[in-house]
Structure formats: structure tokens, C-alpha cells
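Here is a friendly walk through the model for anyone meeting it for the first time. Please keep the sequence and the 3D view open as you read.

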There are 2 protein chains.
Amino acid sequence: MHFTKQQINELEQRFRAHLINSLSGFKSANLIGTQDKLGNTNLAIVSSVFHLGAHPPLVGMIMRPHSVPRHTFENILETGVYTINQVNSEIVEQAHQTSARYDKDESEFAATGLTTEYLADFNAPFVAQSRLKYAVQLVEHQHLAINGTELVIGEIIDLHIDDNAVQEDGFIDLASIDTVAVSGLDSYHTTQAIARLPYAKKTP
Amino acid sequence: MHFTKQQINELEQRFRAHLINSLSGFKSANLIGTQDKLGNTNLAIVSSVFHLGAHPPLVGMIMRPHSVPRHTFENILETGVYTINQVNSEIVEQAHQTSARYDKDESEFAATGLTTEYLADFNAPFVAQSRLKYAVQLVEHQHLAINGTELVIGEIIDLHIDDNAVQEDGFIDLASIDTVAVSGLDSYHTTQAIARLPYAKKTP
């Protein structure tokens, strides 16, 4: 199948959203935990978290300020901190449900049955049911004028992982902790490892 | 397991790279096809391609200018165009091999056995073996001073997908075309769908 630029532009809006959201490939599934200054908690599923660098350890994500995660973005600006919690196959439905339009004074934790957990005196809630989660400190955010999204960059400052998931060389076996991948807007996937491949070198 | 900020900073460099690269979750696996003004082709595997918006259809990626994909970035600046080609399980090894340090006058296509394909008069090479690929026009790039990476934003202008992969509502079944996911620096995965979940609404 072939879609030209003009055909893409003329697609029905929801069809185009499903189609274009599938193009980047598999996406990460993470829950962003925040709270406002009064301690009202918020939890939002985000599929745009991406690795930005290992030294310093940086993580990026894209937020749409006018969509559901706007409370998340507001809380991050207010407190400067957030948690990132990988979604595993046991909590896919609750995680997805956080994308419903709850008011700011309704916590998605209470609404979905996920449990807040406070670790190492960090001022944002973790998800108890997540098996890989970390504390993040806001470093900067950039408004992307092209479509009104915000690029949010944070430093990873504290890391909590299920025992046995970290291998000898630092690699974390995400399949062993049932971390899921997302495709499109609404499809969740478990994974099966094909292989870890050696560092690539030119063949003589 | 618990790693504090100080412990993360003190990790051996390679261990930290593996660990931190695993934190964002599953990543997309894409081959970026480019050529310079003379027509010398280049191909680089990138795990940082992410969805940025559906209308206009935008895709972002993070490039490390001092790493292997610097030729890719140079070519994108020179020609203003590139292709994004999803990696499937049949070409994982060739795709990974593009990350070796080839000189600029050596094409990763020739070196890995992947085949150039030119579609719809677009001035950058596609990967013939890829089953979902699209032409991208550079919109903007932003230097991220925090760690010297470049955020590259492009508009999707022409789209080629295997027949039958696009479902009635626009969703593309990536598992049906064997698209793989990446974790960490070097692990490749096939996927199995758990479910597509309905648009989330507040329960009364």
C-alpha cells in the first residue's frame, strides 16, 4: 500500500491518528507519577518516553499539554520531580485506564486501583505494582512550536528494579519482568527475545 | 535492587550504558536511509525514533553527532530528506551491523547486504527488505545542550506498507509484518499482542 502526502492529509482524523501512531514502531509503556504541592497525586500512561543519554543519565518524553497528561505536566512544573514506572502485563488495563479524562482532584491511582508507593523520601508517588521504576528530576522543557507539544527532559536520580532482572553487564532483562511494548494508540504487547547481538565491527 | 544517584554515577561506564539504556522500556528499531549530494548512500540503525504528532504527521529522533550516525545527520542536513524503514526479524543482523564504524565513502547497504530501493522519485534510499517505510522531510533540528545530542524532527510525506498490514481503522498490525522492538543497547525482540484496549472513559 502507498499513501502520498496528499492522501495522508485527506484521511479521516481517527484513521490517520491510528495509522501515523503506528509508524514509529514499538513504543515504551510507562506510567508517570506526580503530585501537586498539596499532595494530590496523578498518574498518566505515556508512550513517548525515550532514552536520551547514559552519562548523565537522561530520559526524555513528549507531552501534549492540551491532552490528558496536562495535569502531569503542570505537576512536574510545580514540583520539579516525577517518577517513571514501567508497565508490565499484570497492570496493562489499569495503566490504560489512566488515560481517561479524570479531573485534577481525582487521583488515577484511586480510580484504577494502582497503589501509591513513596520511596527514599522522593516527593512523587511510585506505582507499587511496577517492577522497574525510577525517580526523575526535571532538567529542562522545550516547547516544540511545530505542533505545540512539550519535550520534557529529566535526570534519573534513583532507581528501583526487581531483583534478578539486572544481568552481570548491566543489561536489564525487560521480558523477565513482563514489561510491555505499545503500538499505535491502544495495542499492548509482550515480547520474546530473538538475541542480544555483539558490538558491531567492520569485517576486514 | 536500588541504585542511588551516587551509585549510578560511580558505575563502570559500559555497565551504566547497558543499565540506563534499559530504563526507558522497549524501543523502536528503524533504519535511517540517506545519501549525500553525490549519491553516496548511508544506512544507520536508530532506536530513538518516536511519534511526535499525527496532524501534521511528524516523527522525531535523537542523534548523537559524535557517534556512528553522524554521517546520517550530515546527509540529512545536506539534502533535507531521509527515509525511515522499520526493522523486521528477517533483517535484524544486517540492521545491527550498520552500527559498525564504516567510513563515509563505504555504504552500509553494500556492507550488510541490504538493498537500496528508490520510490516515488524520493531523493533518499529506502531499504527494499523493510515492510513498512516512509519518506521524511526535515522540518527542524534542535541541539540539546544538556548532552550534545540533536533532536531531529521530520514530516512524513510518503508511506509504503505491506499489503494487509493496515486494518480498517488505520491501525497497522506491526506483529504481522514482523517488526521488532529493541531493549538496551543490543537486544532484539519479536512481540505478541495482548490486546487492543478501547478508548478509556471515566466509569460513572
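Why does B:A54 count as buried? The first point takes that up, after a word on conventions. This is a predicted model, in which local features need pLDDT of at least 70, side-chain atom pairs count only at pLDDT 80 or more, and totals for chains, interfaces and linings use all residues. Residues are numbered from 1 along each chain as its sequence is written, while chains are lettered from A and ligands numbered from 1 in the order in which they are written.

1. B:A54 counts as buried because it has 23 C-beta neighbours inside 10 Å. (Buried means 20 or more other C-beta atoms within 10 Å of the residue's own, exposed means 12 or fewer, and partly exposed lies in between, with C-beta atoms placed from the backbone.) B:A54 is found in strand β5 of chain B; helices (H or I, at least four residues) and strands (E, at least two) are DSSP runs, numbered from the N terminus. Leaving aside residues up to four places away in sequence, B:A54 touches A:R16, A:A17, A:I20 and A:N21. Contact here means C-beta atoms, placed from the backbone, within 7 Å.

2. Now turn to strand β5 (residues 50-54) in chain A. Five of its five residues are buried, so the strand is largely enclosed by the rest of the structure. β5(A) pairs with β6(A) (residues 57-63) in the antiparallel sense over four bridges, where pairing asks for at least two bridges found by DSSP. The two strands form a hairpin with two residues between them, and A:G53 has A:L58 as its bridge partner in β6(A).

3. Helix α2 of chain A (residues 13-23) is worth a look next. Its buried residues include A:A17, A:I20 and A:L23. The buried residues of α2(A) pack against β12 (181-183) of chain A, together with β5 (50-54), β6 (57-63), β10 (132-144) and β11 (149-161) of chain B. After α2(A) comes A:G25, with a positive phi near 100°.

4. The nonpolar core deserves a stop too (a set of buried Ala, Val, Leu, Ile, Met, Phe, Trp, Tyr and Cys residues joined through C-beta atoms within 7 Å). The largest one has 112 residues, among which A:I156 and B:I156 touch the most other members. Not counting residues up to four places away in sequence, B:I156 touches A:I8, A:I20, A:L23, B:P57, B:V59, B:Y134 and B:V136.

5. Please also follow the sheet that spans both chains. Its six strands form an open sheet in the order β2(A)-β12(A)-β13(A)-β13(B)-β12(B)-β2(B), with antiparallel pairing. The β2 strands (27-28) of chain A and chain B are the edges, each pairing on one side only. Nine bridges join β13(A) to β13(B), both residues 187-196, and A:S187 has B:R196 as its bridge partner. Within chain A, three bridges join β12(A) to β13(A), with A:S183 opposite A:S187.

6. Finally, the symmetry. A rotation of 180° with 0.0 Å of shift along its axis superposes chain A on chain B, at RMSD 0.0 Å. In chain A, the C-alpha nearest the axis belongs to A:T191, 2.1 Å from it.

Notes: Two residues are in contact if their C-beta atoms, placed from the backbone, lie within 7 Å. Copies are superposed by least squares on the C-alpha atoms of residues with pLDDT of at least 70 in both.
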